[in-house]
Amino acid sequence: MPSAHKPMRYGHTEGHTDVCFDDTGSCIVTCGSDGDVRIWEDLDDDDPKSINVGEKAYSCALKNGRLITAVSNNTVQIHTFPEGAPDGILTRFTMNANHVIFNSDGTKIAAGSSDFMVKVVEVADSSKQKTFRGHDAPVLSLSFDPRDVYLASASCDGSVRVWKIADQTCTTSWPLLQKCNDVINAKSICRLGWQPGSGKLLAVPVDKVVKLYRRETWDSQSDLSDTCITQPLNVVAWSPCGRYLAAGSVDGSIVVWNAETQECVERMKHEKNYSICGLAWHPKYRQIAYTDTEGNLGLLENIGDGKKPNDKVASTATKDYNDLFDGEDDDYLSGDMIEPQSSPKAGANEDDGDDDDLMPTSGHLRRAIMDDDDDNSLDIGMIKANSNLLEKEDDDDNTGGFPALPPSSIQRPFYDGPMPTPKQKPFQSGSTPVHLMHRFMVWNSVGIIRCYNDEQDNAIDIEFHDTSVHHATHLPNSLNHTMADLSTEAVLLACESTEELASKLHCIHFSSWDANKEWTVDMPKDEDIEAVCLGQGWAACATSALLVRVFTVGGVQKEIFSLPGPVVSMAGHGEQLMIIYHRATGFDGNQCLGVQLMELGKKKKQILHGDPLSLTKKSYLVWVGFSAEGTPCYVDSEGIVRMLNRGLGNTWIPVCNTREHCKGKSDHYWVVGIHENPQQLR
């Protein structure tokens, strides 16, 4: 049956427009230069749901109910899907991100920006970021290897690079593209793509051909071309089964090849010759949604010789038909052969010689079985034929259409007990996340230290609540300090080590009576400072070597001792030093923390000897410090404030629940200080 090419429709205002399907194929999602994300039930949907994400949206991706967008305020945002509720910022750049993508299981995103940077960020914890440096011009596009080993990127510097994700190194680089200084001047946005499943091939649109590079050897296996392609190709997209490859050109041509035989199975020409800038395959049907640089959306159906799906993107008729068979006979009719869509193994290897290899919905399979000669009969041959279609072959190089099936005969032992909780990372109380360009390094009862890291400036501003203590100060941040503490005597700064420089502790002792107001201490090799704090007449830092080093405020190290576990945070007040650390691994979402409290006066003594720290169930520590009167306190992520009760054998008593005072779900109290008399939480 020939392909059906529906007339395009208006989607967004003129400009670059991106498109993708949701996981089930039930809707099409587009974003454009009007800053909106639109959710279309089908091409004829006259009232698509619209979510405004910013002034301009350059790219969008969707997986596991999470929608990510690259927006003109230089951020990569996350929204819930389909509700469209903002769910935070995953990462920031100094210029706008041009392309964002999910990895195969939706746990990570990659973003490439006009500031030459590529970042890989974990969706669940955006503080876990990897930055890939090496491009000398804006990044055009990215593609995750389905096995999560490699990341491919194309840039305006003319190069296409393959990075090893684990160690952030460049594995190989090809000078394939024409150099330019900005994305708007690029002849092609070069949307490249890894072959789904095996990741055996990397497809790169280069001028009027698609180059296929073989994994590991990185040699050019073949070029896909066609006589109808007369202008450079802009985008490529693999079918979910990995057998077909579609490409769109800057003059509106769309070509689909069978990647194995290299024969062209589909050709289409844009009705107005606008540049194709977005391509997305339907996860189940032989359908391609595409967008152009004028903001229009189109749909190409029945690609190759597939069966024609209904007009709805995911046919409601199919759904209703399937609902008739929602009972236990489902497993019998489908032979329990099709793995759920959410399985991470879906889309792996298979080769059948049969061209019709985009995964049929279970409804199609049922229909094939049920619609035989007689309404009441089942054709056993038909069931066998369908089950044979779905059998997995062992050949790893094959990349056909059906999900890989686990070997049912070999059952590995399955652990069903409590799961370990990832350990909380070290943090400074009163600080905001390190990856932000403008952030608070500390905000406490003495003052505020801000850090700015953007194109114009990398600097630190120090303000005092009481200017009689000291005047405001502006410092350059050439060493890239990430930790700070502030007292009425001094400012303490610390930076992590780099390949060339050791981790450093830097103190500005402004109440010093002589001229020596600053001192710096280098940590030994392979020892990184993870937390710092100031007390009266002393400064302390905890390091990755599980050591705590205590210095006089003049710069002499006077104490060093070992911690039983990795530090989480520390705080100082007068002669008191409080250290929170990991006692052990927690389970089922709970952190397992311990606390040491010591006095560093003339008679040094330890008050708390690594006692367990009480946290609300499934919460983590967000602030640790002392009240103005000197009582140790801390706050957990559930908003419970606890204070040490020395009169009851050094036990922790809850004194406030900040959540009870929040007006809405998004409200949050950020503690900067505590007073006992009068009873105040600041």
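**Figure 1. Salt bridges in the model.** The structure holds 18 salt bridges, each a side-chain nitrogen of Lys or Arg within 4 Å of a carboxyl oxygen of Asp or Glu. This is a predicted model, in which local features need pLDDT of at least 70, side-chain atom pairs count only at pLDDT 80 or more, and totals for chains, interfaces and linings use all residues. Residues are numbered from 1 along each chain as its sequence is written, and side-chain values use heavy atoms, with hydrogens and water left out. D34, D36 and R38 are linked in a salt-bridge network.

**Figure 2. The salt bridge of D636 and R642.** The closest N and O atoms of D636 and R642 are 2.9 Å apart. D636 is buried, at 1% relative accessibility, and R642 is buried at 11% (buried means under 20% relative accessible area, exposed over 50%, partly exposed in between; 1.4 Å probe, protein chains only).

**Figure 3. The salt bridge of D526 and K525.** Here the closest N and O atoms are 3.9 Å apart. D526 counts as exposed at 71% relative accessibility, and K525 is exposed with a relative accessible area of 73%.

**Figure 4. The salt bridge of D223 and K211.** D223 pairs with K211, with 3.4 Å between the closest N and O atoms. The pair links distant parts of the chain, D223 lying in strand β22 (residues 220–224) and K211 in strand β21, 12 residues apart; strands (E, at least two residues) are DSSP runs, numbered from the N terminus. D223 is partly exposed at 35% relative accessibility, whereas K211 is buried at 19%.

**Figure 5. Aromatic pairs.** The model has 12 aromatic pairs, meaning rings of Phe, Tyr and Trp (its six-membered ring) with centres within 6.5 Å; planes under 30 degrees apart count as stacked, over 60 as edge-to-face and the rest as tilted. The rings of W174 and Y213 are stacked because their centres are 4.0 Å apart and their planes at 20°. W174 and Y213 are both buried. The F464 and F510 rings, with centres 5.4 Å apart and planes at 85°, are edge-to-face. Y150, W174, W194, Y213 and W218 form one aromatic cluster.

**Figure 6. The largest nonpolar core.** This core has 20 residues, and those with the most contacts inside it are V160, V162, W174, W194, L202 and V204. A nonpolar core is a set of buried Ala, Val, Leu, Ile, Met, Phe, Trp, Tyr and Cys residues joined through side-chain atoms within 4.5 Å. Beyond its neighbours within four places in sequence, L202 is in contact (heavy atoms within 4.5 Å) with residues including A152, V162, W174 and W194.

Terms used:
Helices (H or I, at least four residues) and strands (E, at least two) are DSSP runs, numbered from the N terminus.
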